[in-house]
Amino acid sequence: MSTFQAPKGTYDLIPPRSATFLAVRDAISTPLRNSGYGYIETPGFENVELFSRGVGESTDIVTKEMYTLTTKGNDHLALRPEGTASVLRAALQANLHKQGNLPVKLWYSGSYYRYERAQAGRYRHFSQVGAEAIGAEDPALDAELIILADQAYRSLGLRNFRILLNSLGDKECRPVYREALQGFLRGLDLDEETLRRAEINPLRVLDDKRESVQKQLVGAPLLGDYLCDACKAYHEEVRALVTAAGVEFEDDGKLVRGLDYYTRTTFEFVHGGLGSQSAVGGGGRYDGLSEMIGGPALPSVGWALGVDRTVLALEAEGIELDLPAVTSVFAVAIGEEARRILFGKVTELRREGVSADFSFGGKGLKGAMKDANRSGARYRRWYWLGLNAGTLFGVGFCTWLMYQSLYEINSLCLWC
Ligand code: HAM
């Protein structure tokens, strides 16, 4: 029987690459933790309706990409395709918005599932780190999030990325634009499904990736020309604050994003080295989502950065993170008595907070040295205590500092 493979569109994270994923999650969450965002974790699945109402009935995510299931108890659930609706649901359920300290600022990290056409950079199981600031309408909050994402990417050494920024208007001006766009779309040569989509949510059509559609969209009315005064002023303030922070961005009047809950600010981080799946992260304001899922009016803003694509972006830029060695000390014992003693020493070191590993599996010196080298430990400690013709002799407790190659010994310390 052949061995099982990871399901299509998924992959396993294994060392040493997995260490980069941890470091990326850490780099993205550090600026959030330093800015008043508290950690939240929600279940991997939710009621289907949370996403169909929240993310939007006409989105690809809801119509084509959700993994749904019906339980034996007849609950209709979906593996979470994104985090925002779940985080808002959890905040509402815990009444976080009633505790008098709005905005509630939360960050999260986890796995998400979308039944997408699998390709490089697009997976059916992927990982995001996200942030949501719930319950305040303040351009400084939108700016804060954009600046923190920029900071996270820069702390990783990424440079080849751009920030695209747009405003999608609000419930005052969007309907006027919607009607103008619908009028324009009705005059185009579009297939039936796209025309249907244009009637349900014409903005979705702007996001259609097909060249035949994009060609016809040249000359489509732009939302920027329809923004009401309040939305214009809000957007200008976000732009001014981000600019004042020295973060460069590009205005992109066609940026609509793939989820329906956005209002006003939307943004996307795109990387130049990733081909067609260039969005490494994205987000925006979602002032109406709380009401859409049964809560009170809670204007909010957030983003999610894709960890998988961020790692691909690092690889595309040839960036190797300065990852600390997993273990500081690697211990090798030659001989049974030595094993016992050295295992005790390793345990002691670990209890003292020194990261230490041990050569398991009763290997000979050569195999053990290979283990030591692979461990990446800076200090490889060797304890030789062997039995020779029934006589116990201690060769010593050795510390070999090996920097460049396996056999280059910089210092040796013996202890008997
Ligand atoms: P999103 O743009 O759908 O937004 O996803 C955010 C990021 O997750 C993308 O930019 C991408 O890096 C990554 N991503 C999405 N789908 C995949 C996939 N199939 N394979 C690999 N990576 C993927 C959201 O999810 C919103 N919840 C963001 C948000 C938070 N808006 C407001 N708050």
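Reader: Why is Arg197 called buried?
Author: This is a predicted model, and the value is computed from it. Arg197 has a relative accessible area of 16%. Buried means under 20%, so Arg197 is buried.

Reader: What makes Asp60 and Arg197 a salt bridge?
Author: Their side chains meet at 2.7 Å, N to O. The cut-off is within 4 Å, so the pair counts. Asp60 sits in helix α3 and Arg197 in helix α7, 137 residues apart.

Reader: Is Asp60 buried or partly exposed?
Author: Partly exposed, at 28% relative accessibility. That class runs between the 20% and 50% limits.

Reader: What makes Arg285 and Asp142 a salt bridge?
Author: The distance is 2.9 Å, N to O. The limit is 4 Å, so this pair qualifies. Arg285 lies in strand β10 and Asp142 in helix α5, so the pair ties together parts 143 residues apart in sequence.

Reader: Why is Arg285 called buried?
Author: Its relative accessible area is 0%. The class needs under 20%, so Arg285 belongs there. Asp142 also counts as buried, at 0%.

Reader: How do you know that Arg350 and Asp357 form a salt bridge?
Author: The N to O distance is 3.7 Å. The rule asks for within 4 Å, so the pair passes. Arg350 is partly exposed at 37%, and Asp357 is partly exposed at 26%.

Reader: Which residues are linked in a network of salt bridges?
Author: Arg204, Asp207, Lys209 and Asp260.

Reader: How many salt bridges does a search of the whole structure find?
Author: The search finds 28.

Conventions. Residues are numbered from 1 along each chain as its sequence is written. This is a predicted model: local features need pLDDT of at least 70, side-chain atom pairs count only at pLDDT 80 or more; totals for chains, interfaces and linings use all residues. Side-chain values use heavy atoms; hydrogens and water are left out. Helices (H or I, at least four residues) and strands (E, at least two) are DSSP runs, numbered from the N terminus. Buried means under 20% relative accessible area, exposed over 50%, partly exposed in between (1.4 Å probe, protein chains only).
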